[in-house]
Amino acid sequence: MNKIIGYSRKSTTKQINEPDVDALKQSGCEVVYEEIISTRKLEKERPELQKCLSALRNGDTLKLTSLSRLGRTQREVINRLHELQAEGVNVITLDGLINTEALGKFAPVLIGLLTGLNEVERELTQERTIASVEFRRKNGGDLGGRPKTSNKKEKLVLRLREEGESLRGIREQTGLAVATIRRIIADRNEEVHATK
């Protein structure tokens with residue numbers, strides 16, 4: 001007999017899964033896999049998603065509150081939709097955006113359209129990036145990359161950190177961004193570990 005399985009994911013401990021889990025159960029899910037895990041984690045690092053995908057068989061239905069639960073990026077989501085469709089698994093989102101079961105033979109067409117739109121968006125993004133870089137190069141603009149720091153400032157950052165200064169305190173004294181300060185400290189730690 002075909003199963004209806006749900007999957008719910010929240011990104012932080014400040015968010016709660018219960019409302020989504022309840023909604024999935026009320027929509028007919030026999031089992032709901034749930035986890036609170038960062039969107040930065042790769043799919044293989046999401047244990048409950050892996051269990052959920054392993055439990056699905058041809059003819060089963062996967063229910064989600066929204067497609068964003070299925071992956072970190074549009075490409076991941078579309079690829080996963082395509083794979084599930086190929087395995088004969090229906091996907092339904094409670095927000096009404098996707099229902100491959102109702103689409104029947106048109107589901108592959110929709111997924112193909114989404115895939116095509118994804119490709120177009122990626123190409124447009126690349127074109128915009130290239131155009132922006134060329135414009136900045138011609139006009140002498142900043143091409144990005146890591147912000148430049150002097151050896152003197154880097155030594156000051158490391159000395160202040162060794163003295164127990166907080167990142168905020170170092171920022172106030174050096175004028176560097178916290179991300180830059182973290183990078184300087186991390187680079188130093190890597191050098192220390194490499195020499196051991």
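A residue is called buried when its relative accessible area is under 20%, exposed when it is over 50%, and partly exposed in between (1.4 Å probe, protein chains only). This is a predicted model, in which local features need pLDDT of at least 70 and side-chain atom pairs count only at pLDDT 80 or more, while totals for chains, interfaces and linings use all residues. Residues are numbered from 1 along each chain as its sequence is written, and side-chain values use heavy atoms, with hydrogens and water left out.

**Cysteines**

The structure contains 0 disulfides, a disulfide being a pair of cysteine sulfur atoms within 2.5 Å. Cys29 takes part in none, and the nearest cysteine sulfur, that of Cys52, lies 9.0 Å away. That distance is too far for a bond.

| Residue | Relative accessible area |
|---|---|
| Cys29 | 8%, buried |
| Cys52 | 0%, buried |

**Glu35**

Strand E2 (residues 31-36) includes Glu35; strands (E, at least two residues) are DSSP runs, numbered from the N terminus. Although buried, Glu35 has no salt bridge, and Arg46, the nearest side chain of opposite charge, is 5.7 Å away. A salt bridge requires a side-chain nitrogen of Lys or Arg within 4 Å of a carboxyl oxygen of Asp or Glu. The side chain of Glu35 does reach the backbone nitrogen of Glu48, at 3.1 Å.

**Strand E3**

Strand E3 (residues 61-64) is covered on both faces: Thr61 and Lys63 on one side, and Leu62 and Leu64 on the other, are all buried. Strands pair if DSSP finds at least two bridges between them. E3 pairs in the parallel sense with strand E1 (residues 4-10) over 4 bridges, and Leu64 in E3 is the bridge partner of Tyr7. E3 and strand E4 (residues 90-93) also run parallel, joined by 4 bridges, with Thr61 opposite Asn90 in E4.

Terms used
Lys and Arg count as positive and Asp and Glu as negative; His and the chain ends are not counted. A polar contact is a pair of N or O atoms within 3.5 Å; within protein, one must be able to donate a hydrogen and the other to accept it, and residues adjacent in sequence count only if both atoms are side-chain atoms.
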